[in-house]
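Visitor: Please take a close look at a single part of this model, the strand pairing, and describe it in one connected account.

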Amino acid sequence: MKYITIFCLFFSFSSFSQVKKYDLAIKNVKIFDVKTGVVGPDQVILIKKGIIEDIVRNTNKFAAEKTIDAKGKLVTPSFIDAHIHPTDVFGDYDKAPEYLVKDSLNIYRQHLTDAYLPYGITTVMMMGQPEKWLIPILGWSINPRPNHINIYTAGAAIISKEDRPTYIGHVVVDSPLAAKKKIEAYYQLGIRHIKLYWRLRDPEFKIAFKTADSLGMRVYGHIDQNVMTMDHTLDIGLKNYEHLVTIAYSVIKEKKDWDSFNQEFTANYGEVKTQSDILKMFLEMFRYIDEHKKAEINILIDKLASRNATFSTSINILAELFQSGSPGDSVSLVRQQNRTKENFETFMKYVRQMQEKGIKLRIGTDMAKGGKSLQAEQLLLFKTGFSISSILQICTINGAQALGIDSKVGIIEKGSRADLLIWHRSPFDSANNFLSDKIIIKDGVVYEPTIN
């Protein structure tokens, strides 16, 4: 009997010693399921080495180095910004450094992180940056850190040779063969995403897309200025598009329409002189389309939906055009701002239509202050009629799927990266809670911001 008791005690201690110990456990969490759009009952998320190893019914029967009691709070995947430019963060096209100096790489990486991670964005996609920055950026990509954002890059935006000046974030290919070699060179560097810019003509576009597609790379297109149209690029095989507003250039095509539109724009805004004028012109196109080309835009939206197209959003940069007024503005400027606001509302009506047709949207802020811009976009989408669930999907799984990384991020399930947000106040209670504080977990580690 004595030996049996000793054996049982030994067995119980041995079994306890074999209980798996996790690095982090988050209990009493209500998980947002990005696939169904539904918030589930209280559960426990068990994390080890930055990966979600299990999700179980709410229980205290686990062992962990650290435990967070969420007390019934909402937990979602962290956010993904699927269209950024480091040139916006490190300066601009005129002031950005030619090289990322080796001695300052940690400063640059932290500066980039501070623009996104404190706002819950743990993964970003660089849709164009100087080629001279590629080596350090690729180094950041293959060496992730819990206190820094995850980075993917498409290299430089690819354009055809032409007489006009190029930007530092573009790379010129002067023939279809050069386009093919550029894609292959990027692949050899480890790049798996490619951006084809609107200044890439048909011969180079076709071979670039075909080469990238054959290598299993993800291809994204910024299509406007009528160099290529979305109809044509859909037929080539492209399905991932940058910036919702660019659809206008694939609706207004005929010279007579352009002549009529330009006359109308000049009468209301004057000549195009600045970048803001160009953005106002984009929005004015939607007024013209709504008045004259409804059938055409509906046909294009249906075609995009039937080909499973996706779009990055980039809507806050447009909303800012009419949000900067002051009491001392002239009558003509106030009139222009009001017209721009009306045009934005018309544009967002079509954005909502695209979403309802099944076109997947993904957050792509395309601005220097990416974190604050993402919050603004969340509120703009809500005001347009998007549900809280759909907004969270746009910020998480939709971007991950378009980037081909949805097995790692943008979702909360066994085997995915432990990049999570614990919300102090749920956006399901009020959309203004998109601005509320959150516990940010990156690679299974609670993030401690370095800025306010």
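Guide: Strand β6, residues 121-126, is joined to β7 by four bridges, and the two strands run parallel. The model is a predicted one. β6 and β7 belong to an open sheet of three strands, ordered β5-β6-β7, with parallel pairing. Its edge strands are β5 (79-84) and β7 (150-153), each of which pairs on one side only. From one strand to the next, the twist averages 20°.

The model also has an open sheet of seven strands, in the order β3-β2-β1-β4-β15-β16-β17, and there the pairing is mixed. At the edges of this sheet are β3 (51-57) and β17 (445-446), each pairing on one side only.

N316 lies in helix α11, which spans residues 316-319. The relative accessibility of N316 is 5%, so N316 counts as buried, the cut-off being under 20%. Leaving aside residues up to four places away in sequence, N316 touches M367, S373, A376, E377 and L380.

Terms used: Residues numbered from 1 in each chain as written. Predicted model: local features only at pLDDT ≥ 70, side-chain atom pairs only at ≥ 80, totals over all residues. Heavy atoms only, no water. Buried < 20%, exposed > 50% of the residue type's maximum accessible area, 1.4 Å probe, protein only. Contact = heavy atoms within 4.5 Å. Pairing = 2+ DSSP bridges. Axes fitted to C-alpha atoms, helices over the stretch in contact; angles between N-to-C directions.
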